[in-house]
Amino acid sequence: MIELTGVSKTYNGYIKALRSVDLRVEDGEFVFIVGPSGAGKSTLLKILTAEIEPTDGAAFVNGYSLVGLKAADKPLLRRTMGVVFQDFRLIDKKTVFENIALAIRVTGAGNREIRDKVNSVLNIVGLAHKSKRKPAELSGGEQQRVAIARALVNSPKLIIADEPTGNLDPERTQETMRLFNQINRMGTTVVVITHEKSIVNDMAKRVVYLENGCILRDGTGGYNQ
Amino acid sequence: MKKSSSLRYFLKDGASNFRLHRVMTTASVMMLAACFLVIGIFLMIFMDINLTIDKVGMQNEIVIFLQDYVDDASAEDFGYTLKEMENIESVTFVSRDEGLRDFSENLGGDDIYNSYADDNPIRHSYRIIVKDLSLIENTRDALIAMPKIARVRASIDTVKAFLKFRNVATFIGVALVAILAMIAAVVVSNTIRLTTFARREEIAIMKMVGATNRFIRASFLVEGGIIGLLAASVAYVLLFVLYEFLLVPELSLVSLISFVEFGAVWHIFLAVFLLAGLFYGIVISFFTIKKYLRV
């Protein structure tokens, strides 16, 4: 669960990226966070993943307070969520299997558990037959599915996707969004940060509209509501 | 994580990363090997100089002359007494007759020998080599105190000057090795920093998926250790080849120099190189990766 109360973020003392944001995302929800460039979406993502701390306010993700979070607790928080990026962020030199396995190996899992879970998520994203390939040998859509599989492998409570379809063609975009929908139906909270109106409008989900660091709208009914 | 499987993973991952980033890691290995090689060659030369100095020093012998009343048999037996003294490496007996023969040969003819053969004025003597030159004064004093000895001849001033020279040489040698080791640390640190910089994205990904600093560090430290061990091995082989097949044959032309046999010190060099390689690789990687872990 995500709970932000009066969260603000100011860079260098004067650049206000977020202004007193209140946001609550319940377990099992599917939420789009939308808005134009410079709206504060990336800052929000960085706060949720504990890359940066809010300047003001209270923020909780999966039971961890993001204000004053100890360095030793950051990995533990990150294991409760999966993050998918526009540029996939896969390690080029590792195979598909190794890329996904990394996310579970860091939790201290043994080899058998790693093998079972990686194979399981590879089946979910339909890439079991390409487990030994390197990312460069895959299409953009396939690379994004590997990134999603990596985000899924620890069975996280929350998946955050930052512009997950930014590098994909319309067909791959639909495929990816179907996958997120499927993951959400399995009980995982999904937060998709995007500025693509079409994918938001195609799915009747909750939409949080951010502009100039403030939440302007929050409800269902498409990008423009 | 289960310890055996995590150790296996880090070793496998370290070896695999070494292979995958072979250009950068090869550069690191070569830089470190070059530094070790320079230090190794310098150490060998330093040891040669020390050996040469020691051999020259050993030529500083003490000569003792026995009292006139000591007869031939007692004079020869006195050698056993001398050998039992502290700091005595070897003794060589020179009888009165041999002494006279040497004396006349030095002066250029048998005439002197023939003139004095029946009334030999030369005393029985011993040439003594000491074990530790720095204790030569004590040894001389102990010899002087013996009643059967009439006179002791020892070049104490020469020995002192020689000891001073050896101390200065040792100091310079140690200082140069320390400086070279520091230069090596800086050079290798920069190379490993470049390697790590090229992989900062990988570190960021590892952090993003929930890896602890310890986990990320372990992976890089294993790699650093492999780089260090490989560099040490390369430097060791090159040192052997250069020393045995280039340095010794070339410098052998200068007859003054004594050479340490590589075969006599190979195990020490191998152990020192491998330990230093491991230490350099791991410690430098540890400090280099530190700044990339602050995410």
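Residues are numbered from 1 along each chain as its sequence is written, while chains are lettered from A and ligands numbered from 1 in the order in which they are written. Because this is a predicted model, local features need pLDDT of at least 70 and side-chain atom pairs count only at pLDDT 80 or more, whereas totals for chains, interfaces and linings use all residues.

**View 1. Chain B as a whole has 10 helices and 4 strands.** Here, helices (H or I, at least four residues) and strands (E, at least two) are DSSP runs, numbered from the N terminus. Follow chain B along its sequence and you get the pattern α-α-β-α-β-α-α-β-α-β-α-α-α-α. Take the contacts in chain B between residues at least 6 apart in sequence: 84% of them join residues at least 24 apart. Two residues are in contact if their C-beta atoms, placed from the backbone, lie within 7 Å.

**View 2. The largest nonpolar core has 106 residues.** Such a core is a set of buried Ala, Val, Leu, Ile, Met, Phe, Trp, Tyr and Cys residues joined through C-beta atoms within 7 Å. The residues with the most contacts inside it are A:Ile100, A:Ala149 and B:Phe36. Helix H9 (residues 213–251) of chain B brings the largest share of this core, 14 residues. Apart from this core lies another one, of 12 residues, among them B:Ile64, B:Val70, B:Tyr126 and B:Ile149. Back in the 106-residue core, A:Ala149 is in contact with A:Ile100, A:Val121, A:Leu122, A:Ile124, A:Val125 and A:Leu127, leaving aside its neighbours within four places in sequence.

**View 3. Four strands of chain B make an open antiparallel sheet in the order S2-S3-S1-S4.** Two strands pair if DSSP finds at least two bridges between them. Strand S2 (88–94) and strand S4 (149–153) stand at the edges with a single partner strand each, so one side of each has no neighbour in the sheet. From one strand to the next, the twist averages 20°. Strand S1 (residues 62–66) and strand S3 (residues 125–130) of chain B are joined by 4 bridges, and B:Ile64 has B:Tyr126 as its bridge partner in S3(B). Helix H6 (residues 136–144) of chain B lies across S1, S3 and S4, at about 160° to S4(B). Axes are lines fitted to C-alpha atoms, for helices over the stretch in contact, and angles run from 0 to 180 degrees between N-to-C directions.

**View 4. In chain A, 6 strands form an open sheet of mixed pairing, ordered S6-S7-S8-S3-S9-S10.** Strand S6 (81–85) and strand S10 (214–220) of chain A are at the edges, each with a single partner strand, so one side of each is left without a neighbour in the sheet. Strand S9 (residues 206–211) of chain A runs antiparallel to S10(A), with 6 bridges between them; A:Tyr209 has A:Arg217 as its partner in S10(A). Helix H5 (residues 140–152) of chain A lies across S6 and S7, at about 165° to S6(A).

**View 5. Helix H1 (residues 41–48) of chain A is largely enclosed by the rest of the structure, because 6 of its 8 residues are buried.** The buried ones are A:Lys41, A:Thr43, A:Leu44, A:Leu45, A:Ile47 and A:Leu48. H1(A) lies across strands S3 (30–34), S7 (158–162), S8 (189–194) and S9 of chain A, at about 150° to S7(A). Just after this helix, A:Ala50 takes a positive phi of about 65°.

Note on methods: A residue is buried if 20 or more other C-beta atoms lie within 10 Å of its own, exposed if 12 or fewer, and partly exposed in between; C-beta atoms are placed from the backbone.
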